[in-house]
Amino acid sequence: MGMMGMDNKEKIYNKLMDIVKEENVKVDEMLRDHLYTRLGGKADFFITPSTYEEIQNVVKFSKEEDVPFTLLGNGSNLIIKDGGIRGIVINLKHLDKISSEGNTVVAQSGARIIDASYYALEQHLSGLEFACGIPGTVGGALYMNAGAYGGEIKDVLDYAFVVDKEGNLVKRLASELDLDYRTSNIPDNGDIVVEATFNLTPGNYEDIKAVMDDLTYKRESKQPLEYPSCGSVFKRPPGYFAGKLIQDSKLQGTTIGGAEVSTKHAGFIVNKDNATTTDYIALIEHVQNTVKEKFGVDLEREVRIIGEDPE
């Protein structure tokens, strides 16, 4: 689509300000400021809706005016190219409320899944312990059926509310989302998750906290949290561990530009020294090619790469 003309940009900007509050619409926002990797170019329009109705209206406007939109969580499992993203980028950080009723926890999609797990702990509810170290949002966790340490979203999700590609608010049961290893049908359907309800089990506070403390220790001792990164880069290939394959390929410490295969955890690529997205992608491809050459195993990316190449 290329860079849009100034007249068209002003027209879109004015219409977006009719839909969301003025302070929640930004033009030419640097996306690297919103990503864990600290990588990525500009968004033409960066909006942060504060109600479900605003999201619905943005989706309808996007469809009517043929302006593309991209949903951005908190950028923990995402790489955006240096050329940025054309059209509208929607960030749901203002939709971050978490509540409970009985044995369920209801979390809006912009809340961090970590915060949902600690909220469940405070309610003496068990089931979300595995999520206490996952850095993404609730919406992102559903999008990719996030998991860790033997648990995953599909184990505890009851249902979600989404805004569909027509702009309708729709309830989707967990069984309708095709939740599988790091995948769901949410992106294929063009749905925007706005709220999730988790069905949990009453438990003992100290027991739940002990599990979460243990998982937090494991994460902090093994993962390179001292550098910006997109988290685990590759899915686990059947019968193997991605990190072990990368380690056995002697790739730890390998750098391209400012990106490095972590010396602490081979499954992570860190932004060691002002990396560009181009550095990051080149290093991902180098790792994939090397592992394929040495072991005949195809490493599939878990991290998403979106956006445009720089001009």
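**Contacts, cores and rings**

Author: This is a predicted model. Leaving aside its neighbours within four places in sequence, Gln 247 is in contact with Gln 252 and Ala 266.

Reader: Where is Gln 247 found, and is Gln 247 buried, partly exposed or exposed?

Author: Gln 247 belongs to helix 7. Its relative accessible area is 44%, which lies between the limits of 20% and 50%, so Gln 247 is partly exposed.

Reader: Moving on to Lys 235: where is Lys 235 found, and is Lys 235 buried or exposed?

Author: Lys 235 is in the loop that runs between strand 15 (229-232) and helix 7 (242-248). With a relative accessible area of 13%, Lys 235 is buried.

Reader: Which residues does Lys 235 touch?

Author: Not counting residues up to four places away in sequence, Lys 235 touches Tyr 181, Arg 182, Thr 183, Ala 242, Glu 300, Arg 301 and Glu 302. As for Lys 165, its C-alpha atom is separated from that of Lys 235 by 28 Å, and the two are 70 residues apart along the chain.

Reader: Now helix 3. Which of its residues are buried?

Author: In helix 3 (residues 113-122), the buried residues are Ile 113, Ile 114, Ala 116, Ser 117, Ala 120 and Leu 121. Because they cover an arc of only 165° around the axis, they are on the same side of helix 3.

Reader: Why would residues three or four places apart point the same way?

Author: An α-helix has 3.6 residues a turn, so residues at that spacing point the same way.

Reader: What covers the buried residues of helix 3?

Author: The cover includes strand 6 (98-101), strand 7 (104-108), strand 8 (125-126), helix 4 (138-143), strand 13 (192-199) and helix 6 (205-222). Just after helix 3, His 124 takes a positive phi of about 60°.

Reader: Which residues touch the most other members in the largest nonpolar core?

Author: That core has 30 residues, and Ile 113, Leu 128, Val 138, Leu 142, Ile 153, Leu 157 and Phe 198 touch the most other members. Strand 7, helix 3, helix 4, strand 11 (157-163) and strand 13 are the elements that give two or more residues to this core. Apart from it lies another core, of 22 residues, among them Val 233, Ala 259, Ile 284 and Val 287.

Reader: How many aromatic pairs are there?

Author: The count is 1 aromatic pair. Tyr 159 and Phe 161 have ring centres 6.0 Å apart and planes at 90°, so the pair is edge-to-face. Phe 161 is partly exposed, at 26% relative accessibility.

Reader: What sits over the ring of Tyr 159?

Author: The charged end of Lys 171 does, 4.2 Å from the ring's centre.

Reader: Lastly, which residues does the UniProt domain annotation cover?

Author: The unreviewed UniProt entry annotates "domain: FAD-binding PCMH-type" over residues 39-203. Across residues 39-203 the chain is 21% helix and 35% strand, with the end C-alpha atoms 41 Å apart.

Terms used: Residues are numbered from 1 along each chain as its sequence is written. This is a predicted model: local features need pLDDT of at least 70, side-chain atom pairs count only at pLDDT 80 or more; totals for chains, interfaces and linings use all residues. Side-chain values use heavy atoms; hydrogens and water are left out. Buried means under 20% relative accessible area, exposed over 50%, partly exposed in between (1.4 Å probe, protein chains only). Helices (H or I, at least four residues) and strands (E, at least two) are DSSP runs, numbered from the N terminus. The arc is that of the directions from the helix axis to the C-beta atoms. Contact means heavy atoms within 4.5 Å. UniProt positions are given in the numbering used here, feature names are shortened, and annotations may be inferred rather than shown by experiment. A nonpolar core is a set of buried Ala, Val, Leu, Ile, Met, Phe, Trp, Tyr and Cys residues joined through side-chain atoms within 4.5 Å. Rings of Phe, Tyr and Trp (its six-membered ring) pair if their centres lie within 6.5 Å; planes under 30 degrees apart count as stacked, over 60 as edge-to-face and the rest as tilted. A charge sits over a ring if NZ of Lys or CZ of Arg is within 6 Å of the ring centre and within 35 degrees of the ring normal.
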